[in-house]
Amino acid sequence: MMAVGVYGFDGASFLQQLVHADVRLLLDVRQRRGVRGPEYAWANSRRLQAALAQARIAYEHHPELAPTTELRHVQYAEDDRQGVGKRSRRHLAAEYTRRYTAEILDCADLARVVAALPSSGVAALLCVERDPEACHRSLIAQRLTEEHGITFEHLRPL
């Protein structure tokens, strides 16, 4: 399986990396499926889904795996405390990780997600942050590895 963020890509290079990795299903784990800034307009849900369809990549939104607004604010408070912007964050806050795990991940039916993975090709988790260590997708990937033996490769912009 793969995991990928939006930041650092443009639309063309993002799709190129997915196609090169043989991604057949993109699992969007964002709560809000838009990204601020004109350079990331391609990642807004409708545009992204249209581009994926042209590339013959299926799309599923998994809001049950997205952090709540309240949880995102826990992370933002830690970002402010450390003086980092969310686009330059390198790690998740311990409190965010603890609460995301307890409030979201422990309640999620990951077996259902695993059962729906494509039989050929690869699936990829999608969120926003460039670095997986700064994003909840890394927590999902870790749980899928621990409980279902799924290995991950994290795609990064070149």
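In this predicted model, the side chain of serine 138 reaches the backbone oxygen of proline 132, at 2.9 Å. Is serine 138 buried or exposed? Its relative accessible area is 18%; because buried means under 20%, serine 138 counts as buried.

Serine 138 belongs to helix H6, which spans residues 137-148. This helix packs on the sheet, where it touches strands S1, S4 and S5. The direction of helix H6 makes about 140° with that of S4.

The sheet itself may now be considered. It is an open sheet formed by five strands, whose order is S3-S2-S4-S1-S5 and whose pairing is parallel. Which strands stand at the edges? They are S3, residues 58-61, and S5, residues 153-155. Each of these two has a single partner strand, so one side of each is left without a neighbour in the sheet. From one strand to the next, the twist averages 25°.

Within this arrangement, the pairing of S1 with S4 can be followed residue by residue. Strand S1 comprises residues 2-4 and strand S4 residues 122-126. The two run parallel and are joined by three bridges. In this pairing, methionine 2 stands opposite alanine 124 of S4. Both S1 and S4 are also among the strands touched by helix H6, the helix in which serine 138 is found.

Notes:
Residues numbered from 1 in each chain as written. Predicted model: local features only at pLDDT ≥ 70, side-chain atom pairs only at ≥ 80, totals over all residues. Heavy atoms only, no water. Pairing = 2+ DSSP bridges. Helix = DSSP H or I, 4+ residues; strand = E, 2+ residues; numbered from the N terminus. Axes fitted to C-alpha atoms, helices over the stretch in contact; angles between N-to-C directions. Contact = heavy atoms within 4.5 Å. Buried < 20%, exposed > 50% of the residue type's maximum accessible area, 1.4 Å probe, protein only. Polar contact = N/O pair within 3.5 Å; in protein donor to acceptor, adjacent residues only side chain to side chain.
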